[in-house]
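Here's a quick briefing to read with the model open beside you.

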Amino acid sequence: MSASRFKVKALAWAPYIEPVDVATATEDQLAAMQVTPSNTKVSPYVRTLAHDPESYVARTKLFNAIMYAKGGLDRAERELGALVASAVNRCVYCASVHARRYVELSDRSDVVEEIYMRGLNGPFEPKIQAIVDFCRTLSETPSHVGQDQVQTLRDHGLSKAEIVDLIHSAAIFGWANRLMHTLGHSTPVDGR
């Protein structure tokens, strides 16, 4: 367990285009916006993606299957994979979300503090280092992931199926981070 109480500041995301107005949304757009797993208000990001409801539904179903699937890789380690991908892609919004979720699920604020203060070079304990190195390489240059990195994950107890889950969690954020950068920008919650 972490002795550190490092906190990651929540950020907001602002779109470059006008999000769908829930009051005037089409039936398809309204149905698409209901696919989200939370019971909170519909975010500007969701309302922006709802301009193309068919793509948004497909994206959300894929995201939910990767990040919330029962069994397989531990949920905290999925969040760590998403955090590493987001750090590589410099998506500060996604990095802050997944850093907070990783801390909530693992109680390892020390890992997040290390990433935020020193970057992805560590040092981390061996299993965390193996996950960070694998997801970093996968996010920077996928063709550079080698059998040695896969074997290191196996040596730390990850099954083949769990490694596939880790690949999926990092890979979907390679895509999602670029989508967030293209459609809008991150801002501090307090607007400063």
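Is Glu 125 buried, partly exposed or exposed? Glu 125 is partly exposed, at 39% relative accessible area. Keep in mind that this is a predicted model. Searching the whole structure turns up 7 salt bridges, and a few of them are picked out below.

**The bridge at Glu 125**
- Glu 125 pairs up with Arg 108 through their side chains, in a salt bridge of 2.9 Å, N to O.
- Arg 108 sits in the loop between α5 (92–106) and α6, while Glu 125 is in the loop between α6 and α7, so the pair ties together parts 17 residues apart in sequence.
- There's a network here too: salt bridges with shared partners join Arg 108, Asp 110 and Glu 125.
- Arg 108 counts as buried because its relative accessibility is 15%, and the cut-off for buried is under 20%.

- Glu 77 makes a salt bridge with Lys 127, with 3.0 Å between the closest N and O atoms.
- That pair links distant parts of the chain, as Glu 77 is in helix α4 and Lys 127 is in helix α7, 50 residues apart.
- Glu 77 is buried at 13% relative accessible area, whereas Lys 127 is partly exposed at 31%.
- Arg 75 and Glu 79 also meet side chain to side chain in a salt bridge, at 3.1 Å from N to O.
- Arg 75 and Glu 79 are 4 residues apart in helix α4 (residues 75–88), so about one helical turn separates them.
- Arg 75 is partly exposed at 27% relative accessible area, but Glu 79 is buried at 1%.

**Around Gly 119**
- You'll find Gly 119 in the loop between α6 (109–118) and α7 (126–140), and it is partly exposed at 23% relative accessible area.
- Leaving aside residues up to four places away in sequence, Gly 119 touches Glu 114 and Phe 124.
- From Gly 119 to His 185 it's 66 residues in sequence and 22 Å in space, C-alpha to C-alpha.

**A nonpolar surface patch**
- Val 22, Leu 30 and Val 42 form a nonpolar patch on the surface, and together they have about 180 Å² of accessible area.
- Val 22 belongs to the loop between β1 (11–15) and α1 (27–33) and is partly exposed at 39% relative accessible area.

**What the record says**
- An unreviewed UniProt entry lists residues 53–111 as "domain: Carboxymuconolactone decarboxylase-like".
- In the model, residues 53–111 are 80% helix and 0% strand, and the end C-alpha atoms of the span lie 37 Å apart.

Terms used
Residues are numbered from 1 along each chain as its sequence is written. This is a predicted model: local features need pLDDT of at least 70, side-chain atom pairs count only at pLDDT 80 or more; totals for chains, interfaces and linings use all residues. Side-chain values use heavy atoms; hydrogens and water are left out. Helices (H or I, at least four residues) and strands (E, at least two) are DSSP runs, numbered from the N terminus. Buried means under 20% relative accessible area, exposed over 50%, partly exposed in between (1.4 Å probe, protein chains only). Contact means heavy atoms within 4.5 Å. UniProt positions are given in the numbering used here, feature names are shortened, and annotations may be inferred rather than shown by experiment. Patches are made of residues with over 30% relative accessible area and no salt bridge: like charges are joined within 9 Å, nonpolar side chains (Val, Leu, Ile, Met, Phe, Trp, Tyr) within 5 Å. Accessible areas come from the Shrake-Rupley method with a 1.4 Å probe; for residues, only the protein chains shown count as cover. A salt bridge is a side-chain nitrogen of Lys or Arg within 4 Å of a carboxyl oxygen of Asp or Glu.
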